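This briefing walks through selected parts of one structure, grouped by topic. Please keep the sequence and the structure in view while reading.

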Amino acid sequence: MINIETCLTPEILHLHQLEGKIAVVTDVLRATSCMVAGLNAGVKSVIPVKKVEEALAYAAKGYVTAGERGGIKVEEFTIGNSPYEHMEEAYHGKSICMTTTNGTVAIDAAKKTADQVVIGALLNVTAVADYIKQQEKDIIIICAGWKGNPSLEDTLFAGALIHQLKHRSEITDDASYMALSQYEASNSNLTEVISKNASHAKRLSGLKAQNDLAFCAKEDYCDILPILTGDEIT
Ligand code: 3SL
């Protein structure tokens with residue numbers, strides 16, 4: 001039996017112990033979905049960084065840069081934070097340095113102490129679940145949320161993952177139970193549930209990015225398993 005716990009926002013990550021655990025980091029809208037979609041399409045690797053300046057230092061070395069602030073592409077970057085941009089052929093075989101408001105911050109926090117960092121999205125949830133089943137190691141699901149607040153879409157990812165693991169795991173906290181209940185109550189109508197209720201859905205529709213939302217809400221679009229090794233996700 002593995003133990004599962006969920007951290008609904010990186011703001012309270014200090015309350016969790018990550019040593020000895022696999023951290024599954026998710027930011028369904030849209031950072032980890034971009035990583036999963038891009039790597040699945042042919043991107044060589046993703047280098048997540050916290051600050052725009054760090055990404056610009058990579059740009060100076062010839063790297064493709066991607067990401068946003070407040071949902072909007074950083075002017076100097078090659079691309080923004082739409083999964084469709086990350087899948088473009090121009091970036092196949094290339095490494096992308098990426099910084100986002102919440103997603104890359106959560107990855108940075110996780111990598112400090114977790115044994116391993118796995119990148120999860122609804123797009124690859126079964127691939128993540130299958131990997132965790134093989135590892136037989138305790139996990140913590142870290143939801144990127146939005147500026148310190150929990151978010152519905154990341155909580156639904158946590159629930160979807162726990163749903164697949166629940167018969168061979170011990171849920172050790174209320175957040176995991178809440179995530180599981182929320183996911184099971186959604187009856188797989190994730191696009192509808194997220195579009196109607198998630199605050200970030202409203203933000204994205206203001207940015208005319210509803211197509212991104214519909215794409216990111218797809219369960220099991222692909223079966224890749226991005227893992228962070230050193231500074232690079234492959
Ligand atoms: O916060 C993040 O990491 C982003 O994914 C937010 S956005 O969807 O690009 O606005």
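## Briefing on the model

Serine 199 counts as exposed, because 12 other C-beta atoms lie within 10 Å of its own and a residue with 12 or fewer is classed that way. The structure is a predicted model, and serine 199 sits in it as part of helix H9, which covers residues 199-206.

**Surroundings of the ligand**

- The residues around the ligand include Asp27, Leu29, Arg30 and Ala31, together with Glu68, Gly71 and Asn81.
- The run Thr100, Thr101, Asn102 and Gly103 also belongs to the ligand's surroundings, as does Ala144.
- Sorted by class, this shell around the ligand consists of 6 polar, 3 nonpolar and 3 charged residues.
- Leucine 29 and arginine 30, both listed around the ligand, are joined by a cis peptide bond whose omega is about 0°.
- Arginine 30 is placed in the loop that runs between strand S2 (22-26) and helix H1 (31-41).

**Helix H6 and its packing against H7**

- Helix H6 (residues 152-165) packs with helix H7 (residues 174-185) at an angle of about 90°, and their axes are 7 Å apart.
- Because of this angle, H6 is roughly perpendicular to H7.
- On the H6 side, the contact is made by Thr155, Leu156, Ala158, Gly159, Ala160, Ile162 and His163, while H7 contributes Ser176, Ala179, Leu180, Gln182, Tyr183 and Glu184.
- By class, the contact of H6 with H7 has 7 nonpolar residues, 5 polar residues and 1 charged residue.
- The buried residues of H6 are Leu152, Glu153, Asp154, Thr155, Leu156, Phe157, Ala158, Gly159, Ala160, Leu161, Ile162 and Leu165.

**Alanine 110, a buried position in H4**

- Alanine 110 belongs to helix H4, which covers residues 103-111.
- Alanine 110 counts as buried because it has 25 C-beta neighbours inside 10 Å, whereas the cut-off for a buried residue is 20 or more.
- Leaving aside residues up to four places away in sequence, alanine 110 touches Leu18, Ala23, Val25, Val117 and Ile142.
- Among these, valine 25 is 85 residues away from alanine 110 along the chain, yet the C-alpha atoms of the two are separated by 7.6 Å.

**The loops on either side of H7**

- Aspartate 173 lies in the loop between strand S9 (169-171) and H7, and with 17 other C-beta atoms within 10 Å it is partly exposed.
- Apart from residues up to four places away in sequence, aspartate 173 touches Glu5 and Thr6.
- Aspartate 173 and threonine 191 are 18 residues apart in sequence, and their C-alpha atoms are 27 Å apart in space.
- Asparagine 187 is placed in the loop between H7 and helix H8 (190-197), and serine 188 is found in that loop between H7 and H8 as well.
- Although asparagine 187 is not a glycine, its phi is positive, at about 50°.
- Serine 188, also a residue other than glycine, has a positive phi near 65°.
- Asparagine 187 counts as exposed because it has 9 C-beta neighbours inside 10 Å, and serine 188, with 11 C-beta neighbours inside 10 Å, counts as exposed too.

**Glycine 93, an exposed loop position**

- Glycine 93 is located in the loop between helix H3 (83-86) and strand S6 (95-99).
- Since glycine 93 has 9 C-beta neighbours inside 10 Å, it counts as exposed.
- Not counting residues up to four places away in sequence, glycine 93 touches Gly42 and Lys44.
- The C-alpha atoms of glycine 93 and valine 118 are separated by 21 Å, and the two residues are 25 residues apart along the chain.

Methods:
Residues are numbered from 1 along each chain as its sequence is written. This is a predicted model: local features need pLDDT of at least 70, side-chain atom pairs count only at pLDDT 80 or more; totals for chains, interfaces and linings use all residues. A residue is near a molecule or strand if its C-beta atom, placed from the backbone, lies within 6 Å of it. Ala, Val, Leu, Ile, Met, Phe, Trp, Tyr, Cys and Pro count as nonpolar, Asp, Glu, Lys and Arg as charged, and the others, Gly among them, as polar. Axes are lines fitted to C-alpha atoms, for helices over the stretch in contact, and angles run from 0 to 180 degrees between N-to-C directions. Helices (H or I, at least four residues) and strands (E, at least two) are DSSP runs, numbered from the N terminus. Angles under 35 degrees count as roughly parallel, over 145 as roughly antiparallel, 65 to 115 as roughly perpendicular and the rest as oblique. Two residues are in contact if their C-beta atoms, placed from the backbone, lie within 7 Å.
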